[in-house]
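Good morning, everyone, and thank you for making time for this. Please look at the structure on the screen while I talk, and keep the sequence beside it.

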Amino acid sequence: MSDIQKAAKIIQDGGLVAFPTETVYGLGADALNPYAVAAIFEAKNRPTFDPLIVHVADPFQAEMLLAHPFPEKALKLIEQFWPGPMTLVLPKSKLVPDIVTSSLPNVAIRVPNHPLALDLIHESGRPIAAPSANSFGAVSPTTAEHVRQSLGDKVKMILDGGPCEVGVESTIISFVEKEPVVLRLGGLPLEAIELIIGKVAVSTGSKDKPMAPGQLLQHYAPRTPLRLIQGSVAPNAKMGWLGLNNPPKGFGAVEILSAEGSLIEAAAHLFAAMRRLDEKDLEMIMAQPVPDEGLGRAINDRLYRASVKS
Ligand code: AMP
Ligand code: MG
């Protein structure tokens with residue numbers, strides 16, 4: 001039996017499999033089996049009010065989970081960006097158990113762009129519900145080793161596909177209202193979306209606005225306190241630096257996200273860099289915001305949420 005066959009059998013039997021996607025590693029279960037999905041929440045210690053994304057092999061499998069055919073603008077995006085780091089939220093069909101959507105009438109769906117993820121969906125013949133494969137609120141895993149460290153004892157199997165290429169979670173777009181709304185900035189840049197369907201509203205939850213389900217402010221957080229740099233800093237040996245480029249002298253540990261200043265490379269390195277700094281016994285991680293464009297928006301969003309105190 002191949003690894004994919006073994007993993008598919010675990011999914012069919014209601015078990016959990018961690019698998020790579022192009023964004024981050026996912027903790028997967030049969031999306032149509034409410035008991036299997038419940039095990040995801042338990043393993044992650046994730047509150048059941050935080051709904052899951054369902055991973056499918058293609059738009060046809062997605063439509064079976066939806067109450068209506070895709071709206072026209074959603075179809076235009078699908079044509080361009082699936083498989084890829086784009087999740088669509090749409091009214092669900094009765095097939096989708098309530099536990100997947102936290103009892104919302106809508107389901108979040110995407111087609112991941114990773115051969116192992118697609119093989120697993122095909123081989124199991126099931127849509128796969130999968131949040132990131134880490135404990136709730138912690139830094140997302142971008143390698144199989146990260147998954148082993150945080151959930152190694154809770155999953156039956158971890159498929160290893162090497163480091164994730166995109167490195168930040170998918171961009172989430174809701175088609176529940178008349179006009180589309182971006183609910184989470186992620187691996188598909190806003191600019192790319194707007195090129196295809198024109199200007200879209202962004203509503204990612206903020207301190208003063210009531211949040212949509214799952215838009216928790218504190219998230220992606222290392223154990224070491226993380227602060228966003230505003231203005232100048234006085235570095236010391238107990239401080240770590242996380243930034244796009246070179247820090248002033250005096251930091252105890254330094255992580256440079258991209259020597260060339262590439263936001264694509266920076267996104268791919270972000271979570272692994274946060275984890276390495278977290279292991280260094282620092283008192284504080286100082287993070288330098290990146291230019292707020294392209295994947296920089298998703299990076300700044302993650303840094304901001306990592307810096308918010310619960
Ligand atoms: P992840 O943490 O990457 O698994 O992504 C799950 C996130 O997708 C949730 O925290 C929500 O922000 C969003 N999401 C999932 N399902 C829905 C839904 N039905 N309606 C709105 N947002 C959703
Ligand atoms: Mg997550």
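Predicted model: local features only at pLDDT ≥ 70, side-chain atom pairs only at ≥ 80, totals over all residues.

Let me begin with a definition: Ala, Val, Leu, Ile, Met, Phe, Trp, Tyr, Cys and Pro count as nonpolar, Asp, Glu, Lys and Arg count as charged, and the others, Gly among them, count as polar. With that in hand, the shell around ligand 1 divides into 10 nonpolar, 3 polar and 3 charged residues. A residue is near a molecule or strand if one of its heavy atoms lies within 4 Å of it.

Residues are numbered from 1 along each chain as its sequence is written, chains are lettered from A and ligands numbered from 1 in the order in which they are written, and side-chain values use heavy atoms, with hydrogens and water left out.

Which residues are the closest to ligand 1? Of the 16 that surround it, they are Asp50, Asn106, Pro131, Ile172 and Arg184. An oxygen atom of ligand 1 lies 2.6 Å from an N or O atom in the side chain of Asp50, and an oxygen atom of ligand 1 is 3.0 Å from an N or O atom in the side chain of Arg184. Taken alone, ligand 1 exposes 490 Å², and the protein buries 92% of that (accessible areas come from the Shrake-Rupley method with a 1.4 Å probe, and for residues only the protein chains shown count as cover).

Strand 5 (106-110) and strand 9 (181-184) are the elements that give two or more residues to this shell; helices (H or I, at least four residues) and strands (E, at least two) are DSSP runs, numbered from the N terminus.

Now for the backbone. Most residues other than glycine have a negative phi, and most peptide bonds are trans. In the loop between helix 5 (98-101) and strand 5 sits Ser102, whose phi is positive, about 55°, although it is not a glycine. Ser103 lies in the loop between helix 5 and strand 5, and its phi is positive too, at about 65°. A cis peptide bond, with omega about -5°, joins Trp82 and Pro83, and Pro83 is found in the loop between helix 4 (72-81) and strand 4 (86-91).

Finally, the domains: the assignment, which is automatic or comes from a database, gives domain 1 (3-202) and domain 2 (226-307). Their C-alpha centres lie 27 Å apart, and the contact, meaning heavy atoms within 4.5 Å, takes 22 residues from domain 1 and 14 residues from domain 2.

Note on methods:
Polar contact = N/O pair within 3.5 Å; in protein donor to acceptor, adjacent residues only side chain to side chain.
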